[in-house]
Amino acid sequence: MRHLADFDDTICAISTAPGEGAIAIIRLSGQKAVSIAAEFIQSKKTLESLEVNHQQFARFVYQDETIDEVMVSRFQAPKSYTGEDMVEVACHGSVYIQHRILQVFVGAGARVARPGEFTQRAFMNGKMDLSQAEAVADLISSRNRMAHKVAMRQMKGEFSSKLEQLRTRLMDFTSLIELELDFSEEDVEFADRKQLFDLLAEIDKEVLSLSKSFELGNAIKNGIPVAIVGEPNVGKSTLLNRLLNEDRAIVSEIAGTTRDVIEDTMVIDGYEFRFIDTAGIRESTDEIETKGIALTLQKVSRARVVLYLFDARADETPVKEALQKIRNEAGEEVPVILVANKVDLLEHADKNYEQYFDGEDVISISALEERGIEVLIQKLVEHGTRGLENEDQLLVTNIRHVEALQHIHEGIERITEGLENQLPGDLLSFEIRQVLDHIADITGQTITPDDVLGHIFKNFCIGK
Ligand code: GDP
């Protein structure tokens, strides 16, 4: 078993969200969890004699003072979340009570847990692999239905078991090649090179499709990226506010851990939409002009859907030119919705744009008077969510996994090349071992020094 310096400590933390609530849960995990908690628990049965996985009513008493009436549960190693002995105290959710209980535990010898330390211990004790542990973090932070679903699948270990299958098959080959080395004088070939070649191609195909799924996975986890672009003063910020104020939309401003800018998001039908660089939209138009078109194009290149806004009274030629620029930047496959704004200012309100923009999606709105917004949202959902619901596809949502997959792909290229150039067995086996290690990096089976682990788990909240 891998050891962290203070792996033997008994840790404690408030595991419910910070602040006041109806109830709060304080968790203890480690060898002394039961003995520490037992000192302060008064109930019909002592904590030591309480059946495991059961809950009972108790008084939490410190130096003759009843701090709260609580429900206490006991879990026994290895059948607990962390794989260690655990106690959970559900108290009333006053911030004072929560902290008091925590203090009492610390005074009795427990240590306050670091962020993610409970899950880290679960990983260390073999309760889950690394990719599953990471899924716990994703699950906790999932803000929409799809993100929840993806995290749930990963937590169940589908991603890991897929990789594990590939790893085992590749491992078999290494063993055969390494066996050949033992018989080097006899010039035998146990590992069928053709089969190895085919297996590598198969793994590579899988790896590339998983890497590619990151774009989709990311859209689900962090929101479907939407760019709102157009000339200054066409009404972008007015539209943004309209969209965010839709009553069925949940509006939030979140500073995500992987994002350095604050972006607006809204959830419609369980899908989260993230508007890229909304700060840019809100800046004064002067500033947008000075930063110029480059900024807009950069935004477009990150989008899954582009809304191009123009003044309904405008001539169609510059709109077509702008559309072409966007297509060049974003790629033909990224849908662009043309939005003719300020239709309230048109003399002939029934101006038919379709005739000017053959085959394009054109929607007429008045952001100011709230006309056409519903139709626009429908189009946004239709384009933005296309392909997201593919049930069979396993999605990668984690940048660490994408990096590992990239290493695997590069390794496979080297092995394939080596096979073509009849690389000697020992070198071949070295390259294969590297790929095996990269696969194991994802599930955390091999090289996971403390600093790497610490980095992964620090993004968790305390108490998880
Ligand atoms: P941005 O520079 O593209 O973000 O444009 P703004 O949203 O700041 O809008 C520029 C001006 O156009 C403001 O005075 C808005 O009130 C006005 N505006 C926006 N949408 C409409 C609309 O649908 N109809 C009319 N008449 N005015 C609008």
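Calls and cut-offs in a predicted model

Me: Where is the place of Pro78?
Reply: Pro78 sits in the loop that runs between strand S5 (65-75) and strand S6 (86-92). This is a predicted model, and the peptide bond that joins Ala77 and Pro78 in it is cis.

Me: What makes the bond between Ala77 and Pro78 a cis peptide bond?
Reply: The omega angle of that bond is about 0 degrees.

Me: Why is Glu370 called exposed?
Reply: Glu370 has 12 other C-beta atoms within 10 Å. The class takes 12 or fewer, so Glu370 is exposed. Glu370 lies in the loop between strand S14 (361-364) and helix H12 (373-384). Its phi is positive, near 60 degrees, and the residue is not a glycine.

Me: Is Ser237 buried, exposed or partly exposed, and what makes it so?
Reply: Buried needs 20 or more other C-beta atoms within 10 Å, and exposed needs 12 or fewer. Ser237 has 17, so Ser237 is partly exposed. The residue is in helix H8. An unreviewed UniProt entry places the feature "binding site" at Ser237 and Thr258.

Me: Which residues are the closest to the ligand?
Reply: Gly235, Lys236, Ser237, Thr238 and Leu368 are the closest of the 17 residues that surround the ligand. H8 supplies three residues, the largest share of this shell. By class, the shell is made of six nonpolar, eight polar and three charged residues.

Me: How do you know that the buried residues of H8 are on the same side?
Reply: The buried residues of H8 (residues 236-245) are Lys236, Leu239, Leu240 and Leu243. They cover an arc of only 100 degrees around the axis, which puts them on the same side of H8.

Me: Why is helix H3 called largely enclosed by the rest of the structure?
Reply: H3 covers residues 117-124, and eight of its eight residues are buried, so the helix is largely enclosed by the rest of the structure. The buried residues of H3 include Glu117, Gln120 and Arg121, and Phe118 and Phe123 are also among them. Just after H3, Gly126 takes a positive phi of about 75 degrees.

Me: Which residues touch the most other members of the largest nonpolar core?
Reply: Ala37, Val226, Val306, Tyr308 and Val339 do, in a core of 112 residues. Helix H7 (residues 193-222) gives the most to this core, eight residues. In soluble globular proteins, nonpolar side chains tend to be buried together.

Me: With which residues is Val339 in contact, leaving aside neighbours within four places in sequence?
Reply: Val339 is in contact with Leu307, Tyr308, Leu309, Ile363, Ile365 and Leu376.

Me: How many residues does the protein have, and what percentage count as buried?
Reply: The protein has 464 residues, and 40% of them count as buried. Its secondary structure comprises 15 helices and 14 strands. Taking contacts between residues at least 6 apart in sequence, 66% join residues at least 24 apart.

Notes: Residues numbered from 1 in each chain as written. Predicted model: local features only at pLDDT ≥ 70, side-chain atom pairs only at ≥ 80, totals over all residues. Helix = DSSP H or I, 4+ residues; strand = E, 2+ residues; numbered from the N terminus. Arc of directions from axis to C-beta. UniProt positions renumbered as here; feature names shortened; annotations may be inferred. Near = placed C-beta within 6 Å. Nonpolar A, V, L, I, M, F, W, Y, C, P; charged D, E, K, R; others polar. Contact = placed C-beta atoms within 7 Å. Core = buried A, V, L, I, M, F, W, Y, C linked by C-beta atoms within 7 Å.
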